Structure formats: structure tokens, C-alpha cells
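Open the structure in your viewer and keep the selection tool at hand. The stops below say what to select next and what is there.

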Amino acid sequence: MNKPLRRIAIFCGVLVLALLIRDNWLQYVRADELNSHKHNRRVQIERYAHERGNIIVDGNPVTGSVETTGSDFKYKRVWKNGPMWAPVTGYSSQAFDASQLESLEDGILTGNDDQLFFDRTLSMFTGEKKTGGNIVTTLNGAAQKAAFEGLGNKKGAVAAIDPRTGAILALASTPSYDPSVFAGNTLKDSDARQKLLKDKDKPMLNRALRETYPPGSTFKVVTAAAALENGLYDDIDAKTDSPLPWTLPQTSVPLKNEGNIPCENASLREALRWSCNTVFGKMSDDLGNEKMIEQTEKFGFNKEIFTPVRADASIYPKDNRPQNAMAGIGQASNRTTPLQMAMVASAIANDGKLMQPYMVAERQAPNLDVIYTHEKEQLGQPLSGENAQKVQQMMETVVNSGTGTNARIDGVTVGGKTGTAQHGLNNSEKPYAWFISYAKTDSGSPVAVAVVVEDGNANRDDISGGGLAAPIARNVMKAVVDSQ
Amino acid sequence: MSVVTNTTTIGAIDAPSRRNTELALVVFAVAISVFAYANVGLALNGELPSGMLGYGIGLALLGGVAHLAVRKFAPYSDPLLLPLATLLNGLGLALIWRLDQSERFQALDTFVPAASKQLLFSAVGVGLLVVVLVALKDHRLLQRYTYISMVVALFLLILPMFFPAVNGAKIWIKIPGVGTIQPGEFAKIIITVFFAGYLMVKRDALALASRRFMGMYLPRGRDLGPILMVWAFSILILVFETDLGSSLLFFGMFVVMLYVATERTSWIVFGLVMSAAGAVGVASFEPHVQDRVEAWLDPFAGWDKVAASEQMAKSLMAFGSGGTLGTGLGQGNSDLIGFAANSDFILATVGEELGLAGMMAVLLIYGLIVERGVRTALAARDPFGKLLAVGLSGSFAIQVFVVAGGVMGLIPLTGMTMPFLAAGGSSVIANWALIGILIRISDTARRPAPAPAPSPDAEMTQVVRP
């Protein structure tokens, strides 16, 4: 009976071998896939099992972690001045996942990222308590505060960029929310989140990145840049070919200016100073839809921007002639995010070079070793240095003696453009007040900013952009210049 | 086998008994288990667990008593079987204790800590092992009880039918004051005795007095009939009790023993065809089985819908998150699997907390027990002993394969316990008895042959002494 016995021995060996092979396949080959499976609760448990790393502004964390009890999740995220920083950090909730930086940089913040493998292995042996790494942002606390407080209880958003590097300095959105109120996983957290989701003012919407607005007159700087780049006009002080009144092409509708301003054949500088609709509407029509699209796309329109947090794409669409003419003054189907308009201002301020906007300056390992540093990156050159300086002169005239005088800062060169974007059916709703600007010092331009305030002044005839948005922009720029 | 020579000039040399080796290995096994406790305690609470001393002493006593019994009553037995079983039992105790500490379980209304009970059951199991060694001087005694075994096994199998189903399977009987018992675990051993006894007597008839049919040799009905009936009866009972793991186990064991007894490969073919037919048949009318087959084919498909599927998926995720080295004892989340985490799914805890490395070690320990069992069968001098040993170790191997393969998603989950590791009294007691019988057979097999009587002629051929 020994021959079959030996075969049975082999058979038993094969059974064990099959188990070993299956085990290797499961625990070695498929381990990562199973470990990060969307139903795997360990992913959430792990995210809150250790003190989460912090998001850092000006060297100080704007986030923190507190220990909780009564669930799988040991630590809960807390924010310092949550409403102010929410548009930057996003939220990180035990029950409702995470968003924005909290989500995108989760690997570093939890300490589980592959980049931290060595660090993790080392602390396994030294027995150090596991913690997460930090994310050092480019934001400027003073600028953010100026932006957030400037918006106050008005609905709106601010985006500020350092034109020289693309570093995002301020990113405010109001009304905002405190991510701390639903960071846990209790019924109270759930109710708080439901309340935020149902709020008709959409406090959880990041207006600086995720809301597109008609840009209004601020778009005229883009039209001006397109005219200069395409050689339609060359001298900003020479007369343009701009009749008044001017009728929208293919229609019998005259394009109106705001009030009785000197727009007939006005030079580029004067037209921008007074924000002449007729001049820029005709300019856009003269350039045509294709060239306008080309110019806007050089500024970053028509595609999403990752900072790394995603910003919605700003749109300049293919359109018919009258619409294209209206789009040239920012009053048609073209829409932009505040970030995009800040990028426009920053490209002009940086002598035509557009830098990739970013908000993560460094990633730090838990032991504060820097494992990633952002290298500034040029996104493109929407306009030549010469033309950029021409637009700068025009924008500086706007602030010095035009519609944007509210943005003046003593001892600093400021260029800007106001905008009052009408919207709603037959312009029935209150207009959006816009202001884009940049400040310039001896060392180039340290800040470009875009401000939009949704509930404009009740008095529609006021130049709301200059009145409502410009002071906010001014304070943000001043905060940056003062902190240099 | 022993190195006994049959010359008359040189006396028989005793085979080394290896009892000291066994003692050293038992000490090692107990030490590993105690370390496992310390590990869990340090990981969970940052201090050595208060029960560690108790469990350590308990386990050391169990191993020690068993070793002394072996030393006294089975001195030539295989030195690996006892230490390997002790190691698995100790590791199982540590794992069960670790799952007892789970806050998720403690939050449940139905939570009852299982570790202390498991230690008690292990003690009963080791007691049974000692009883086997003391009472069963020679395993051939069991031959006498061939037909009684049959009756007892069938009785044990039928018994749970009169008790309500637990979690979809009717495999438990409830005795007030004692608790629940799974008679199938004991029936497994007893029916092996019947198979071995019957096949030993009939094996020549089965192998030789057969008719050729379609290229295969089929035995006569009067030889095969009775055993086929008993076997078919037990399978039917198990199918109606929806204890699929056990029916697979009985089937595999039967084929293995028949093959060994008759030495005819046709039985393997025959067995595979029958098992395929049976599996398809059962799967087509039993919804319980259909659920499990579906959960096996795509564990993630039934998430939030089918409990079996979700449990399976959670088990796979536990293995996945263990990775190569595991999270460390006490640091995983295998308790997410839920109610069966400390019984059917205890391997998932091994996989998650000890990782691929630990799993392979545990699987190899099981493999080693099985191969020592088959080695015992090879070494046994009598056909009954061979059949009994191969039947017991074969059933052990199949059980390990069915359970481990089930929780790892290699085959559909059928619901049996991992021998020694899983929480469950019947299982641990029955498996200790199984090890006891194997030790007894291996003792008989390895015992040196009695020295031949001195030959009167020897004196004559002696040469000059200095």
C-alpha cells in the first residue's frame, strides 16, 4: 500500500502548495488593490488613526488634530479659523471623506505616501509614534485675512497670485463654512453637513476656483492684449477707429457705454480708463472670434487648472459675431473664475510671462525633512514683454486717474481694471462687481489679485467694481507688499 | 524505521525515541505563543496583558502533561506531532484572545469572550489525548469496533437534524448547561475508523474481484455496497444539514482511503466525476450554496446586498491589508469581518496581522502535521494502521484546504473551522483526539522490533576471545 500512500503524500503537498500560491497572490500581488479598495474601511480608519500632518501657512499650521473616542477613528481634524482657510484646505471628515488639499495630499498628511516609505520604515525601528507629514502652502496669512475680512458678509471671492512665481497668496470665498463642524462622524456632524449642503448661499462652494462669472469690463484688458498682440493697434495713445454710437454687427442694437464718457475714437489708454464698451466691443469684432479664442487660451481659458486643487475651466466659446463682440467686453457667454482673472493680471504684471499657479510650496516628511519643493514653472507667454508693458501703462492709468482710484496705494505702482458684470435675464439681477489689479515695486510685481463681489451695490449706476471690489483688492495687495 | 539488525551476534539497537527533541519543541511552541500574547498586549494597551501568565502557565501545563503522557505511554512516537499541535493551539488562543479585545465586538450585545473557554476546551482536548494514549494500548484494538463505529458516526451525524439551524447550517446540538456541540467533528474520526476497518478486510476483494467496465475496474456490489451506502448516507445527511465543508471532507477522505486500500487509480477518476456531479447537483437546488458560489466568483459584486459576499470581500481585504509582513498582532482590523472572525475566518486575522510570512508559516505547520501523518501511515506495519493514519491525516489536509481555500477565495466558502486555531470546543477536542490516535499509530510503527531470542547456535560460532 505504500505506492498510493506516497501519492497521497504528494497530493496533500499539492493542496498546501495551492494554498501557498493563492496566499502569495492575495497578499503580495493583489495586496495594494485590496488595501485601497473603496469598500475597505481600513482606508478611513488609517486616515484618522494617527495625528494627521498639518497644512502650514507662514510657518504656522492652520489645521490640527484632536483625539476622539467612541469610534474606529482616533483623531479628528480641526481647523484654526476654518471659514477663512476652508477654500484652501478643503475639509477632512471622518464620515464624509475629504476634499481639496486635505484629499489630494492625503498620502503625505496621513504619512502613508510611498515617498515616506523610508521614513516610515525607519520610525518602525526607532519606535517613534507614527504621524503625518506637513504641507507647506504658498499662502500669505495677511493677504488671506485682508481678502476674507474685505469680503465680510458679502458673497464673493478673491484670488491673489505672485506674478513672478505663480504662488497663490490668497484664496478666499464667502460665505464660507467651518470644516470643523462636520469633521467627526456623529449625528451632529451629519446634521451640520446637511445644513451646509441645503444652504441656498452654497457656503461649501469654493468660488475662487469653482465658480465661473461673466468677467464684465475686467475682460477688456484681455481684449486690449489681443489687439496689441495681433497688431490691430500699436500705439496705446493713438486714436482708434471707434465710432459712437456703434451698432453690434448683424443687428440693429446699439452698444451703449455707461454714462456719457469720451469714447469716440478714444485711444486704448483712454478707452480702458473710462471703460468704453463701444471701443472694446468693436475691437473684439475686428479681431474676430478665432483670434479672441486664441488669445484667451494663451491666458489659460478653456481648460481646467490644477493648483493642485482643480479650478474649473474658464470659457471663451466659439460664437457668432454679435456675441463675440459682447464677449470682448465680458458680457456674453464667456465666463471666468476669479483665479483665471488673477492669472490674466499676473501675466500682464510679469511682463507677459504667465506662471503656473500653485499653492503647495513644500511637502515635509513627519520629521520635517523636505521631500518636495515646487519649482516655478512658466505656463506660457500670452503677450510680449513690450505689449505687456503697454497694457500695464493702461492699467496704471485706470488706477491713477480712471475708474479704479480706490485701489491706489501710497508709494506703490498699482495697475487695475474695474468691472461690473450684468447678469440674469435682461440684466434683471444685481451685477457682479469685479476688480483685477497688480502692485509693482522695485523688485517686480509681488502680487496680482482678482476680486469678485456677487451682490453688487443696489444702485446700479454706481461703478460697483471700483466701489466694492477695488478696496478689497487694495488691502490684499497692501498686505502682500507690507509683508515683503 | 528502526535500525534493527537480525544478526545474532550484535544485539538490537534501540531506535532513538526523540522524546527530548519533542520536549524542546514543545517548550519552543509554548514560548512562541506566550510571545504572541505579549505582542498583542503591548500593541493594544502598551503593557503586558494581565492574563498572559495564566494563559502561559495553562498552555505550558497542557503541553507538559501531553508530553509526559507521550513519554510514558507512547515513547517511540513521532516527535513533531505534539509540538506542532501545541503551537497551533497556543497561537489560536492568542488570536482568539486578541479578537476578544476588539472594541467592535465588545460593542455587540451578543459578545462573549471566547479565549478562556477555548483554554478550557483545549484542556479537555489534551485530556482526551491522554485518555487515548492510556486506554488505547494498540491502535488495532479499534478494528474490533468497525461496525459500532459506523452506527455511532451515523448517530452523531443525524443528531443535529433535531436541533435548530445556526447561521444557516444544522450542525450543532445544544445541551443545556454544557453548551453547543458540533458532533460532526467527532463523527469525522469515528467514521475513519469504520472505513479503515472495513476496507482492510475487503480491500483484496475490492481490488481484484472486479469487473471491467468502460476501461475501469468496478468492484462487485456486495463488496462495495455497504461502504458506499454508509458514505452516501452521511453525505446526504450533511447536505440536508447544509454542512458542505464536512460533506466535501467525508467525500475526499473516502476516495483517499479507497485508493490507498485498493491501489487502483480508477477510484480517483471515479471520485472526481462523482464529486463534480454532486457539487453541481447541490449547487442547483440549495440557495445557501448558490449565495456562496456567487460570493466566491465575485466577492465585491454583492456588497451591501448579500451578507455572504460582503463577508467574503471583507476577508479578502483583511488578507490584502496584511501584505507581506502584516500589521503586527493586535494592530489589524480583521474584526471588521464580523461574527465569524474568531471561528471560520480566524485565518484572516493571521493573514492581516502576521502577513504573508505568518500565513505561509502557519500553512506549512499544517502541511507538516499532515505529512507526518502520512509518514506514520507509510511506517505503519499493519494495513489497518496505514488506512487509519492516512484517513485521519488526509481528512486533516482536506479540512485545512477547504477552510483556508474558502477564506482566501480559492474555493467557495463552506464553513468549517481551522483545526486548533479557531474558537470552538468540539473542533479543538476532536482534533486533539485525532493527534492522539496518530501518535499512538506512530508509536507502534516506530517501536523497535523485539530483540530476537538468543540462538543456541550462536555459541558455537564464537571466535577466540582475547
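**Chain A as a whole**

Select chain A: its secondary structure comes to 18 helices and 20 strands. Helices (H or I, at least four residues) and strands (E, at least two) are DSSP runs, numbered from the N terminus. This is a predicted model, in which local features need pLDDT of at least 70 and side-chain atom pairs count only at pLDDT 80 or more, while totals for chains, interfaces and linings use all residues. Residues are numbered from 1 along each chain as its sequence is written, chains are lettered from A and ligands numbered from 1 in the order in which they are written, and side-chain values use heavy atoms, with hydrogens and water left out.

Along the principal axes, the C-alpha atoms of chain A fill a box of roughly 110 × 45 × 45 Å. Of its 484 residues, 56% count as buried (under 20% relative accessible area, with a 1.4 Å probe and protein chains only).

**A sheet in chain A**

Next, show the open sheet of 5 strands in chain A, in the order S2-S1-S7-S15-S16, with mixed pairing. Two strands pair if DSSP finds at least two bridges between them. Strand S2 (60-61) and S16 of chain A are the edge strands, each pairing on one side only.

Now select S15(A), residues 360-364: 4 of its 5 residues are buried, so this strand is largely enclosed by the rest of the structure. What joins S7(A) to S15(A)? Strand S7 (residues 134-137) of chain A runs antiparallel to S15(A), and 4 bridges join them. Pick A:Thr137 to find its bridge partner A:Val360, then A:Ile135, which has A:Arg363 as its partner.

Move to S16(A), residues 370-373, which is antiparallel to S15(A) and joined to it by 3 bridges. Here A:Glu362 has A:Thr373 as its bridge partner. The hairpin of S15(A) and S16(A) has 5 residues between the strands, and A:Leu368 takes a positive phi near 75 degrees there.

**Two helices in chain B**

Finally, select residues 346-379 (H13) and 383-407 (H14) of chain B: the helix axes come within 8 Å and cross at roughly 165 degrees. Axes are lines fitted to C-alpha atoms over the stretch in contact, and angles run from 0 to 180 degrees between N-to-C directions. H13(B) is therefore roughly antiparallel to H14(B) (an angle over 145 degrees). Residues making the contact (heavy atoms within 4.5 Å) include B:Tyr366 and B:Ile369 of H13(B) and B:Phe396 and B:Val400 of H14(B).

Key: Parallel < 35°, antiparallel > 145°, perpendicular 65-115°, else oblique. Buried < 20%, exposed > 50% of the residue type's maximum accessible area, 1.4 Å probe, protein only.
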